[in-house]
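Dear colleague,

Please find below the structure that I am handing over to you. My notes on its pockets, strands and core follow it.

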Amino acid sequence: MIYPGVYRRTPSLWFRLHSTYVRKMRYLFDLKEDDDICRQAQNSGTFYLFHNLSPFLQKVGSKYLAPQISAVEMKSTLGKLKHNEQMIENSVLIGCSDACMAYFALDLGFLEKSVIESELKGSFTELRKALFQLDGKDRPLLSSAQALLRWHDTHQFCSKTGQPTQKNVAGSKRVCRTSGIIYYPQMSPVVITLVSNGSQCLLARQAAFPKGMYSALAGFCDVGETLEETVRREVAEEVGLEVESLWYSASQHWPFPNSSLMIACHAIVQPQQTKISMNKLELEAARWFSLEEIEEALKRGPKPLKQENQSVSLCLPPKWAIAHQLIQEWVKQQASKPA
C-alpha cells in the first residue's frame, strides 16, 4: 500500500519514477480503498463545508472564496459547537493537492446554520449561485462534493434488504453488511448538442431559464442507447429536425438537478431541412441564431439587456458551462470558413 509515509522514506526514487499526476491518482486510490490511511489523511487534510448541500463561502474584498478549513480548525470548531471531533468521519473525500494533501467535504446540516456562519465569518450559499461567484479553481470540487454528499444522503438503505448501508471512510462506496452488496456513486449520462445548419446555430430555452437565456439542446441517455442515437433522438424529439452528422466535443460533470455527466456534441442538419417543430412539453422557445447575434451576445456577457419594446436581449450560458464552450467552438468554426 502506497501512502505519504512511503513517499517520505524513498522520495528520490518515487519522484523519478512517477509524475505528479500519477502520484496523486495512486494516493487517491489508496485513500478510497484503505480506511486507516484515509483516517490519517483526515487529520492532516482540509475541509470544504456545506450546510444542507449549500457550500460555505467567505467574501474577501470583492471576491468570494470557498475556504479550506484545516483539520485542526475543524476539530476546534466542532468542539466550540459542542460536537465530538469524530464527526469529521462523516466527511467525503473529493480530491487532493499536487503535494498529496487530501480534500474533504463535510455537511454540517445537523448544526444551526447561523451559528456556524457567525463562528467562521462567512455564509452558506446555494450551489448554483456559488458557481457564479467563484473562480474556476473551486467549482469542480464543490460540484463533485455536493453530488457525493447528496448521493450518500439518498442511499442510506439497501435496495434489496432494506437494511442500513454504511459508507467507507472516504465515502467512495456504501456497503450493506446483511447482503454484502456494495453501492458506488453513479452519474447519469446527458448529451448536450449544439445544432447548426451551416450558417446558423439553433438554441432553445426552458421556462426555468433566466429571462433571455438560450442554450444548446440537452437530454438524458435512454437505457441501451449509444451517444449518437441519443443525439439524433433528442434533436428529433425537441425541435423536429433530423441530424445529418455529428461529432464529440468534450464532457463536464454537472450537479443539477443531480449528478450528471454532460457529453457535449456538435450536430449538423441539412440546410434545406431547418423548419423547427418545437416540442412544447420540453421547451418554451427554440430558434435559429446568426453568427452576428451570437457574437453580440458573447460580448454582452451573461446578463440580458432590456430592449425598447420591453423584450429581453439574448444571453448565453456562463463561461464555466459546457454549453458556452460549444457556442464558442461554433463561432470559431464560422470564422475559419473561407469568405
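How many nonpolar, polar and charged residues does the lining of the second largest pocket have? By class, there are 15 nonpolar, 12 polar and 5 charged residues in that lining; Ala, Val, Leu, Ile, Met, Phe, Trp, Tyr, Cys and Pro count as nonpolar, Asp, Glu, Lys and Arg as charged, and the others, Gly among them, as polar.

Please note that this is a predicted model, in which local features need pLDDT of at least 70 and side-chain atom pairs count only at pLDDT 80 or more, while totals for chains, interfaces and linings use all residues. Residues are numbered from 1 along each chain as its sequence is written, and side-chain values use heavy atoms, with hydrogens and water left out.

A pocket here is an open set of points on a 1 Å grid over the protein atoms alone, where a 1.4 Å probe fits, with protein on both sides within 12 Å along at least five of seven lines; its lining residues have an atom within 4 Å of a point. The second largest pocket holds about 820 Å³ of space, a volume being the space filled by probe spheres set on the points, which are joined across faces, edges and corners. Of its 32 lining residues, Ala147, Leu148, Pro185, Met187 and Ser259 lie nearest the centre. Helix H8 (139-154) is among the elements that give two or more residues to this lining, and H8 supplies the largest share, 8 residues. Helices (H or I, at least four residues) and strands (E, at least two) are DSSP runs, numbered from the N terminus. Domain 1 (20-153) and domain 2 (188-336) each give at least three residues to the lining; these bounds come from an automatic or database domain assignment.

The largest pocket has a volume of about 990 Å³. Its lining comprises 38 residues, with Arg128, Gln206, Phe209, Met213 and Trp254 nearest the centre. The lining divides into 27 nonpolar, 5 polar and 6 charged residues, and S13 gives the most to it, with 4 residues.

Strand S16 (residues 285-290) is largely enclosed by the rest of the structure, because 5 of its 6 residues are buried (under 20% relative accessible area, 1.4 Å probe, protein chains only). Strand S12 (residues 200-205) pairs with S16 in the antiparallel sense over 6 bridges, where pairing requires at least two DSSP bridges.

Yours sincerely

Methods: Buried < 20%, exposed > 50% of the residue type's maximum accessible area, 1.4 Å probe, protein only.
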